[in-house]
Amino acid sequence: MSEGQLVIISGFSGVGKGTVVKKIIEKYDDCVVSVSATTRDPRPGEKEGVHYFYKTREEFKQMIEDDKFLEYAEFVGNLYGTPKDFVEKSIEEGKNVILEIEVQGTLKVKEEAPDAKLIFVLPPSAEALKDRLVGRGSESTEVIRQRLLRAAEETEFMDYYDYYVVNGVVEDCAKDIKDIIDDNFNNKLDESFIKKIKEDIKAFSKGV
Ligand code: 5GP
């Protein structure tokens with residue numbers, strides 16, 4: 001059996017990465033998602049072992065010491081990490097493993113696994129991103145502000161990614177990602193669209 005691929009999906013907070021990844025897992029049984037550990041509190045409706053493994057800072061630090069992570073990073077005040085065992089086992093079993101992680105972790109994984117496919121999910125517009133972040137209703141205004149500021153910082157890392165996809169319609173975005181995994185992607189985005197999103201997000205973050 002041939003080994004599976006490592007596929008990294010990143011994107012600004014609120015872009016709907018989680019929903020897209022869920023769709024991919026439901027539709028394509030050669031794909032699995034890695035469940036991360038985090039020190040952030042569960043959002044309403046989130047479940048232990050499904051969305052994250054929720055850890056205290058002490059537990060997380062112990063996992064770092066025990067070399068349990070493929071990568072980990074701090075994001076807006078909380079720690080997030082990818083447990084190593086599941087990823088290694090699934091790739092050996094021929095599954096394509098999706099990591100839904102932020103940009104610093106992506107760069108670390110890329111160093112260890114240069115063949116990993118790096119995909120950045122974009123919103124249809126910066127306006128749509130802001131609406132989704134606010135509409136989620138689970139975070140305070142201060143957290144939303146910090147996440148928008150972080151999004152502006154993340155625009156600087158977008159050039160490291162191999163592919164960009166837009167999450168307008170979830171099914172279409174999931175299909176684009178599957179096409180990338182299958183080396184069948186020809187939906188390349190316009191440079192000017194990418195440039196505009198970057199500029200608009202930076203402008204938004206200054207106004208919050
Ligand atoms: P959220 O709190 O919105 O679930 O996630 C915040 C950010 O952390 C998102 O960009 C998400 O992709 C990222 N993230 C989730 N799990 C991991 C992980 O294991 N490692 C890293 N580096 N980032 C992660």
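## Aromatic pairs and the ligand site

Phenylalanine 157 is partly exposed, with 23% relative accessible area (buried is under 20%, exposed over 50%, partly exposed in between, using a 1.4 Å probe and protein chains only). The model is predicted: local features need pLDDT of at least 70 and side-chain atom pairs need 80 or more, while totals for chains, interfaces and linings use all residues. Residues are numbered from 1 along each chain as its sequence is written, and side-chain values use heavy atoms, without hydrogens or water.

Next come the rings. Phenylalanine 69 is buried at 7% relative accessible area. Tyrosine 72 is partly exposed, with 31% relative accessibility. The whole structure holds ten aromatic pairs (ring centres of Phe, Tyr or the six-membered ring of Trp within 6.5 Å; planes under 30 degrees apart are stacked, over 60 edge-to-face, the rest tilted). Phenylalanine 69 and tyrosine 72 make one of them.

Lysine 108 lies over the face of its ring, 4.8 Å from the ring centre (the NZ of Lys or CZ of Arg must be within 6 Å of the centre and within 35 degrees of the ring normal). Elsewhere, Tyr52, Tyr54, Phe75 and Tyr80 form one aromatic cluster.

Now the ligand. It is surrounded by 16 residues (a heavy atom within 4 Å). Ser36, Arg40, Tyr52, Tyr80 and Glu102 are the closest. Tyr52 and Tyr80 also belong to the aromatic cluster.

| Residue | Ligand atom | Distance |
|---|---|---|
| Arginine 40 | oxygen | 2.6 Å |
| Tyrosine 80 | oxygen | 2.6 Å |
| Glutamate 102 | nitrogen | 2.7 Å |

The ligand on its own has 510 Å² of accessible area, and the protein covers 96% of that (Shrake-Rupley method, 1.4 Å probe).

Note on methods
A polar contact is a pair of N or O atoms within 3.5 Å; within protein, one must be able to donate a hydrogen and the other to accept it, and residues adjacent in sequence count only if both atoms are side-chain atoms.
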